[in-house]
Amino acid sequence: MSLEARCGVEKVVQILSPFKLVSREYRQDNTIIQVGNQSIGGKEVHLFAGPCAVESRSQLMEIAFAVKEGGASFLRGGAYKPRTSPYSFRGLAEEGLELLAEASAATGLPIVTEVMDTRLVPLVSRYADILQIGARNMQNFPLLEEVATSGKPILLKRGPGATIEEWLMAAEYIVLQGNDQVILCERGIKTFETQTRNTLDLSAVPIVKHLSHLPVIVDPSHGTGKWWLVPPMSRAAIAVGADGLLIEVHHSPAEALSDGEQSLTPENYYKLVKEVQEVALSVGRSLPNPTEKRIQV
Ligand code: PEP
Ligand code: MN
């Protein structure tokens, strides 16, 4: 008997792409992810901002209030940092999670933070509103399956050497576990170019939008590695249809324990937000949480 003829089958859709559940063929409407009172993937574009790493209570509180002032929807900071060198600062671990919870309670901003290890998924899930899978772990399949079962939305970064198809296949691993709350994040790929830390592939945004129903945001901080490239690439990201931006902010970039060279000061961040707001309006989108600060700059 053909599938169509079976009792209870209304329609059979043949999906030709290698990824199935994340494909546009499977779902035509954009997936919108609701976190608190913010919708990711809808008309509004969101800012996921904060320090690369949680360093101390005073550092985090200062930056958390600054990004809130600039209209961020989410506070993003790392308690577990994947560092190229094992001798670099690797995060405050559980203490960092506790500080993130404190900053969230003080500012009202939901938390996005990275989980690197399957063993830590239950712990990190207790503190995070959105779990981040870092670029280096994009194809850590047991980790993808484990975070999926947390029931939390997942921010899935593109691997530095991953094609768009491999990235969407990684998202498929999560959705296949029954969690379709996946936010894709373009953060630059490795090329032969040396002027930037990575090559930010902005063409990935409209391509992903074409191939998939999942929201996609852009991280111009890791994508460029240079703070002064972050504002122009943020404007471009919103112009090509990104649903949000992941921006690293530090009140004293020269003293940051990680990624200071790509971190914006709060003042530069406020300026960026104002510029991004203008681009968003010109493409029929907007930033939520308009604040005085943004208007004054
Ligand atoms: C980060 O977001 O802090 C980070 C380490 O990024 P990525 O995984 O993209 O390198
Ligand atoms: Mn970083």
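**View 1. Lining of the largest pocket in the predicted model, by residue class.** The lining has nine charged, seven polar and three nonpolar residues; Asp, Glu, Lys and Arg count as charged, Ala, Val, Leu, Ile, Met, Phe, Trp, Tyr, Cys and Pro as nonpolar, and the others, Gly among them, as polar. The pocket holds about 230 Å³ of space. Among its 19 lining residues, P82, R136, R197, H222 and D259 are the closest to the centre. A pocket is an open set of points on a 1 Å grid over the protein atoms alone where a 1.4 Å probe fits, with protein on both sides within 12 Å along at least five of seven lines; lining residues have an atom within 4 Å of a point. Volume is the space filled by probe spheres set on the points, which are joined across faces, edges and corners.

**View 2. Side chains of strand 6 (residues 130-133).** I130 and Q132 point one way and L131 and I133 the other, all of them buried (under 20% relative accessible area, 1.4 Å probe, protein chains only). Strands (E, at least two residues) and helices (H or I, at least four) are DSSP runs numbered from the N terminus.

**View 3. Strand 6 and strand 5 (residues 111-114).** The two strands pair in the parallel sense over three bridges; pairing requires at least two DSSP bridges. Q132 in strand 6 lies opposite E114. Helix 3 (residues 121-127) links strand 5 to strand 6 in a right-handed β-α-β crossover, meaning a clockwise path from the first strand over the helix to the second, with the strands pointing away from the viewer.

**View 4. Strand 6 and strand 7 (residues 154-157).** These strands also pair in parallel over three bridges, with L156 of strand 7 as the bridge partner of I133. The chain passes from strand 6 through helix 4 (residues 141-148) to strand 7, again as a right-handed β-α-β crossover.

**Notes.** Residues are numbered from 1 along each chain as its sequence is written, chains are lettered from A and ligands numbered from 1 in the order written. In this predicted model local features need pLDDT of at least 70 and side-chain atom pairs pLDDT 80 or more, while totals for chains, interfaces and linings use all residues; side-chain values use heavy atoms, without hydrogens and water.

Key: Buried < 20%, exposed > 50% of the residue type's maximum accessible area, 1.4 Å probe, protein only.
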